[in-house]
Amino acid sequence: MDRSFTSGVVHSPADAAIVETTLTLAENLGLAVIAEGVATDAQFEWLRARGCTGFQGFLFGRPVPEEMLDLPCSSTAQPPCRNNDMAGDTDR
């Protein structure tokens, strides 16, 4: 699901309606949804409360070079798995 919708779910009734409808449609069709552009805890909690299980965005990590993608997340982390070494680092 495009970040242009997920970024506004907390504050925009129109975005919230689009995202809720998309999640319902995907569930009825047996499709998985990945919410793009999740940048805040409020967005994450809003999406999770409505059944979204896939997330991507700055809340979970910053873009990294390809060679760093094989770094495992902590086995004790619950979804979302956050890369704490890069959280809040705006220089990358």
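**View 1. Leucine 47 and its contacts in the predicted model.** Leaving aside neighbours within four places in sequence, leucine 47 is in contact with Thr6, Val19, Ala35, Val38, Cys52 and Phe55, where contact means heavy atoms within 4.5 Å. The model is a predicted one, in which local features need pLDDT of at least 70 and side-chain atom pairs count only at pLDDT 80 or more, while totals for chains, interfaces and linings use all residues. Residues are numbered from 1 along each chain as its sequence is written, and side-chain values use heavy atoms, with hydrogens and water left out. Leu47 is also among the residues with the most contacts inside the largest nonpolar core, together with Val19, Val38, Cys52 and Phe55. This core has 16 residues, a nonpolar core being a set of buried Ala, Val, Leu, Ile, Met, Phe, Trp, Tyr and Cys residues joined through side-chain atoms within 4.5 Å. The elements that give two or more residues to the core are H2 and H3, and its largest share, four residues, comes from H2. In soluble globular proteins, nonpolar side chains tend to be buried together.

View 2. The protein has three helices and two strands, and from the N terminus on its elements run α-α-β-α-β. Helices (H or I, at least four residues) and strands (E, at least two) are DSSP runs, numbered from the N terminus. Buried residues make up 28% of the 92 residues in the protein; here buried means under 20% relative accessible area, exposed means over 50%, and partly exposed lies in between, with a 1.4 Å probe and protein chains only. Of the contacts with a separation of 6 or more, 37% are accounted for by residues 24 or more positions apart.

**View 3. Leucine 23 on helix H2.** Leucine 23 lies in helix H2 and, at 8% relative accessibility, counts as buried. Not counting residues up to four places away in sequence, leucine 23 touches Met1, Val33, Arg50 and Cys52. One of these residues, arginine 50, is 27 residues from leucine 23 in sequence, and the two are 7.7 Å apart in space, C-alpha to C-alpha.

**View 4. The salt bridge between glutamate 20 and arginine 50.** Glutamate 20 forms a salt bridge with arginine 50, the closest N and O atoms being 2.9 Å apart; a salt bridge is a side-chain nitrogen of Lys or Arg within 4 Å of a carboxyl oxygen of Asp or Glu. Glutamate 20 lies in helix H2 and arginine 50 in the loop between helix H3 (41-49) and strand E2 (54-55), so the pair ties together parts that are 30 residues apart in sequence. Side chains of opposite charge can pair when their charged atoms come close.

**View 5. A salt bridge within helix H3.** A search of the whole structure finds two salt bridges, and one of them joins the side chains of arginine 48 and glutamate 45, at 2.8 Å from N to O. Arginine 48 and glutamate 45 both lie in helix H3, three residues apart, which is about one turn of the helix. Arginine 48 counts as partly exposed at 42% relative accessibility, and glutamate 45 is partly exposed with a relative accessible area of 39%.

View 6. Glutamine 43 lies in helix H3 and is buried, with a relative accessible area of 6%. Not counting residues up to four places away in sequence, glutamine 43 touches Thr6, Ser7, Val9, Val10, Gly37 and Val38. Histidine 11 has its place in the loop between helix H1 (3-6) and H2 and is exposed, with a relative accessible area of 72%. The C-alpha atoms of histidine 11 and glutamine 43, which are 32 residues apart along the chain, are separated by 9.6 Å.

**View 7. Confidence along the chain.** The protein averages a pLDDT of 81, and 75% of the residues score at least 70; pLDDT is the predictor's confidence in each residue, from 0 to 100. Over residues 82-92 the pLDDT is below 50, and beyond near neighbours in sequence this stretch has 10 contacts in the model. Where pLDDT is low, the predicted coordinates should not be read in detail.
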